[in-house]
Amino acid sequence: MKIGFLLYERALITGISLAAEMLSSAASLRPRALQRSQPFSIKLIAPKLEPTKVTAGLKLQPDITYDDTQAFDILILPPMWGNPQQSIHRSPEIIPWLKAQYQKGAKLVATGTGVAWLAETGLLNGQVATTHWYFFDTFVNRYPKVILNRQASITAADGIYCTTSINSQSEMILYLITEYFGQKTAQTIETHFGHEISKSTQQPFYQIGGQLQFDESIALAQDWMKRNLTSPITAQSIADHCGVPLRTFNRKFKDQVGETPHQHLQRLRMDAAQQLLRDFGMSVQDVAEQVGYKDAHHFSTRFQQHFNVSPSQYRRMVKTKIYNP
């Protein structure tokens with residue numbers, strides 16, 4: 001499996017480092033025989049082989065240039081600091097190289113202003129996309145053929161994935177780890193890297209390969225669920241809040257989010273519990289109550305099933321930052 005990170009001027013190093021660590025750690029959890037038969041590699045690609053200056057004055061050493069024609073499975077385009085047009089203007093060779101890689105079957109993942117590279121290729125014309133909120137109006141004016149989704153934190157369109165921020169990029173990486181390495185490995189990576197990822201409450205809609213048209217009622221439902229985790233919640237109560245018939249609501253939710261309202265609620269509760277255990281000195285009973293469980297034993301059982309580690313073990317692990325692959 002070949003992963004490539006594109007390097008260009010003003011690229012944010014955080015758009016490379018965390019994703020690379022998550023992916024390489026996931027690959028290292030495979031059986032040794034599989035690691036030998038299906039080697040995993042990460043390459044840094046830049047216009048020249050000389051060290052490329054990214055943010056904070058740091059320089060990264062590329063492995064190959066855009067003259068290299070080897071095919072990649074996944075290519076990741078980090079966000080840029082400031083106006084992306086300067087970087088695009090100085091490295092025009094990236095655009096035809098990206099198009100050629102996509103035609104060979106590479107999945108493309110871009111974050112924030114890095115989405116501008118994909119828009120420049122024309123591959124997003126007529127497709128849904130998102131980008132950093134600060135860039136919304138500029139993006140619409142420059143790329144009118146792209147369908148901008150201002151609510152989604154992640155969009156998917158025929159193997160092209162756009163994310164708004166480093167946090168949503170991390171969720172996207174977890175999705176890809178699930179796809180390539182399995183759910184168990186993804187849960188392990190999420191558990192060990194969860195303390196590096198801050199869950200956003202600003203963008204409630206998470207779309208992976210869903211409908212091209214964003215549905216406000218689904219965003220409203222997700223936001224309402226997040227705000228009422230301590231209360232008893234049923235699909236009927238959510239549908240009533242959104243003013244949508246239950247049957248229609250269940251169908252729309254599953255189509256656009258990829259899981260049932262109950263499954264999504266459980267995931268929200270587990271994510272919130274993970275954050276409370278990580279960031280606050282609360283007892284397991286208190287955490288359970290904060291995420292809607294009256295019984296701490298029931299909560300602990302669900303947490304163990306979801307993360308393959310008990311709440312107490314998880315709290316000890318993140319406090320000491322121990323990672324045993």
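Guide: A residue is buried under 20% relative accessible area, exposed over 50%, and partly exposed in between (1.4 Å probe, protein chains only). The model is predicted: local features need pLDDT of at least 70, side-chain atom pairs count only at pLDDT 80 or more, and totals for chains, interfaces and linings use all residues. Numbering runs from 1 along each chain as its sequence is written, and side-chain values use heavy atoms, without hydrogens or water.

Rings come first. Phe, Tyr and Trp rings (for Trp, the six-membered one) pair if their centres lie within 6.5 Å; planes under 30 degrees apart are stacked, over 60 edge-to-face, the rest tilted. The structure holds 13 aromatic pairs. Phe 135 and Phe 139 have ring centres 6.0 Å apart and planes at 70 degrees, so they are edge-to-face. Phe 135 is buried at 7% relative accessible area. Phe 139 is buried too, at 0%. Tyr 161 and Tyr 175 make a tilted pair, with 6.3 Å between centres and 55 degrees between planes. Tyr 161 sits in strand β11 (160-163) and Tyr 175 in helix α7, so this pair ties together parts 14 residues apart in sequence. Helices (H or I, at least four residues) and strands (E, at least two) are DSSP runs, numbered from the N terminus. Tyr 161 is buried at 8%, while Tyr 175 is partly exposed at 30%.

One aromatic cluster takes in Tyr 293, Phe 299, Phe 303, Phe 307 and Tyr 314. Arg 269 lies over the face of Tyr 293, 6.0 Å from the ring centre. The rule: NZ of Lys or CZ of Arg within 6 Å of the centre and within 35 degrees of the ring normal.

Now the charges. A salt bridge puts a side-chain nitrogen of Lys or Arg within 4 Å of a carboxyl oxygen of Asp or Glu. The count is 6. Arg 90 bridges to Glu 9, closest N and O 2.8 Å apart. Arg 90 is in helix α3 (85-90) and Glu 9 in the loop between β1 (2-6) and α1 (14-28), so parts 81 residues apart in sequence are tied together. Glu 179 meets Lys 107 at 2.4 Å, N to O. Glu 179 belongs to helix α7 (166-181) and Lys 107 to strand β7 (107-111), so the link spans 72 residues in sequence. Glu 179 is partly exposed at 42%; Lys 107 is buried at 15%.

Arg 142 and Glu 120 form a salt bridge at 3.4 Å, N to O. This pair links helix α6 (136-142) with helix α5 (115-121), 22 residues apart.
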